[in-house]
Amino acid sequence: MKNLVILGAGTSGTMMANHLVSKLEKKEWRIHIVDQYKTHYYQPGFLFLPFDIYTKEQVQKEGKKFIPRGVNYIQQKIEKIDANNELVELENGTLSYDILIIATGSKIAPNEVEGMLSKEWRKTIFDFYTYEGALALRNKLREFKEGKLVVHITEMPIKCPVAPLEFAFLADSYFKKKKVRDKIEITYVTPLSGAFTKEFCSKSLGYLLEDKNIKLVTDFAIERVDFANTKIVDYVDNEVTYDLLVTVPTNMGDEVIERSSLGDDLNFVPTHPNTLQSLENENIFVIGDATNVPASKAGSVAHFQAETLTDNILLYINNKPLKEEFDGHANCFIETGNNKALLIDFNYEQEPVTGTFPFAKIGPLQLLKESVFNHWGKLAFRWIYWNMLLKGIKIPFVSRNMSLSGKNINK
Amino acid sequence: MIKTIKKVDIHVNDEGYLTDFSQWTKEIGEEIAKEYEIEMTDKHWEVINWIQEQVKTNKALSIRGIKKSGVIDIKQFYALFPGGPLKVSTKIAGVPKPKSCI
Ligand SMILES: Cc1cc2nc3c(=O)[nH]c(=O)nc-3n(C[C@H](O)[C@H](O)[C@H](O)COP(=O)(O)OP(=O)(O)OC[C@H]3O[C@@H](n4cnc5c(N)ncnc54)[C@H](O)[C@@H]3O)c2cc1C
C-alpha cells in the first residue's frame, strides 16, 4: 500500500482529496489529509463579516463534512516535513508518504512590523484576514461614527490582493447607509504605486476612488506603527494618522515550512509555475497559497491549479512527464460597494482587460466594468464554494486555462 | 521603443526599463540615475550589483529581500534611491521592473 498525504484541509487540500479519491487505485493507494482545526472557514466571507453582510454562521462549517469517504482525515498539528526520509511528523506520531501535497496556505504575520501586534491590536488596529479579526472589526465598526479610517497593505504578496480595496469600497457604502460618511475620512495606503496591483486596472479604475472620495497614498513601505500617537510611519518618515487602522499584515506561509527548511523568505515553497511540482523534491507537490508561484493567492486560482495538479499526480504515478499546463489563471470578483461588482479574468501573461465573460458578446458577466450582475456573481460564489468548488466539481463554462474569448485585447 | 543614451540606441519599454540587459553598461546606468537626480557612489553600485546578481539567479526582488541582502538596510535604500527605491534602482540596473503579483 502506498500513501499520498495532503497537508492542510483548506480550500486546496479539500479539493485535492475530492479529485483524487475517485482517480487513485484504491487497492494501491491510501489518501490521508491533515489539518489542525475542526472548522473550515469561507475566507472570502471575512470581507463581508465586518459590515454585517454575512453572519458568523455563513462563513464556517465543519471541515470534515467536505472530506470524501475513503480519505483518512487526521485532525492534528503538523510539526515537520522530513523530505529526506519522506516522513511527516505530527503532534502525535508520524506519517510516511510516497507522494506529498503541501496545501498549508498562508496566514498573517502582524509581528513582522514593529508596533502592529501591540496592546492596541484589535482595539484600534485590526485585520480582517482572520475570523477573529473580522469579527472584532465588525463589533468596532458598529460603534465607529466619526474619525479617520485607514485601510492599509503592509507588503506584497497577500492573498486575494483586491480584498483591501474592496474593504475600502464597502466601508464607503456602509458609512453612507448609516448616514455618517461625511464624518469619516477614508484613506487607502499601499506599498504599490497604484491602488490596483495590476497596472492596467489602476489606470482604468482610478475613478472609483475619486467617486467614493477615498484618499490614496501610494509607495508607502511601512516601517512601524506608532500606536501611542495613532499613526503609521514609512521608511522615509512619511506619516499617516488614523483613528481606526485596518491593515493587511505581512502574509507568510505556515511555520511548518520554515521548520522543515522548505520555503523562501516568506515561508512559501519554491514551486514550478506550470506543473506545481516542488523545485526541490520530485515527490512533493504544492498548491494554493502555499506556493511561491507569481499567481494570485486566491481560491479561484487554487481551483484551476487543482485540475492541473490532479492530472500531474496521475502522470507522476505512471512515470510520465508532467504537463506544463497551469497558466496562472485567476478569476476574481471585486466588490465596489452599492451592490455592484467588477470581474477580472487574467493569467501570468495577460493583464485584466474589458470584455464579456464567459461568453464572447453575451456575457452575462462584464469584465473590468461595474455591474449589479457581477455583484450577484460574487455573492453566488459562497454557494459555489461550499457546494461545487470544495467538492472538485467543474464550474460550467470556466476552463482551467484562461480563454481569450470575449476579451478586448487591443488595449 | 528606442532611447538614445550617450549616442547609443537602447531598447526600452514604455516605462523606460531596458528590455535587453546585454545593452547595459555602467555609463548607461549613470545616465538613467541622472534622470532621477541621483549621483552614483560606490554604495549605489554595490546595491546595483546585488540587484543584478539576484535577477541573474532568478530571485524575486522585494523590499523585504533588501533587509536580508547584507548590502544595505531599508532606510539607507530609500535614502540612496528616493521615490520608489525598487523601481528606480532596477531601472538603473537595467533589469525588469519587479512584478508585484495581483
Ligand atoms: C479576506 C479574504 C477574502 C478573500 N476573497 C477571495 C475571493 O473573493 N475569491 C477567491 O477566490 N479567494 C479569496 N480569498 C483567498 C482564498 O480564501 C484563499 O486563496 C484560499 O483559501 C487558499 O486555499 P489554501 O488551501 O491554499 O489555504 P487555506 O484555505 O488557508 O488552507 C490552509 C490549511 O492548512 C492548515 N494548516 C496550515 N499549517 C498547518 C499545520 N502546521 N498543521 C496543521 N494544519 C495546518 C490550516 O489550518 C488551513 O486549514 C480571500 C481570502 C481572504 C483572507
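Entry 1: I worked from a predicted model. I first looked up Gln36(A), and found one of its polar side-chain atoms 3.0 Å from an oxygen atom of the ligand. For Lys378(A), I noted a polar side-chain atom at 3.1 Å from a ligand oxygen atom. At Ser12(A) I found a polar backbone atom, which lies 2.7 Å from an oxygen atom of the ligand. I then looked up the area: the ligand taken alone exposes 1000 Å², of which the protein buries 94%.

**Entry 2: the shell.** I asked which residues come nearest to the ligand. Among the 30 residues around the ligand, they are Thr11(A), Ser12(A), Asp35(A), Ile78(A) and Ser300(A). By type, I recorded 11 nonpolar, 12 polar and 7 charged residues in the shell.

I next looked up where in chain A these residues come from. Domain 1 (2-107 + 252-317) and domain 2 (108-251) each contribute at least three residues to the shell.

**Entry 3: a sheet in chain A.** I followed the strand order of an open sheet of 5 strands and wrote it down as β11-β18-β12-β13-β14, with parallel pairing. I identified β11 (125-126) and β14 (214-217) as the edge strands, each pairing on one side only. Between β12 (residues 147-153) and β18 (residues 244-248), which run parallel, I noted 5 bridges. For Leu149(A), I found the bridge partner in β18(A) to be Leu244(A).

Technical notes: Residues numbered from 1 in each chain as written. Chains lettered and ligands numbered in written order. Predicted model: local features only at pLDDT ≥ 70, side-chain atom pairs only at ≥ 80, totals over all residues. Heavy atoms only, no water. Near = heavy atom within 4 Å. Polar contact = N/O pair within 3.5 Å; in protein donor to acceptor, adjacent residues only side chain to side chain. Areas by Shrake-Rupley, 256 points an atom, 1.4 Å probe, with all protein chains shown as cover. Nonpolar A, V, L, I, M, F, W, Y, C, P; charged D, E, K, R; others polar. Domains from an automatic or database assignment. Pairing = 2+ DSSP bridges. Helix = DSSP H or I, 4+ residues; strand = E, 2+ residues; numbered from the N terminus.
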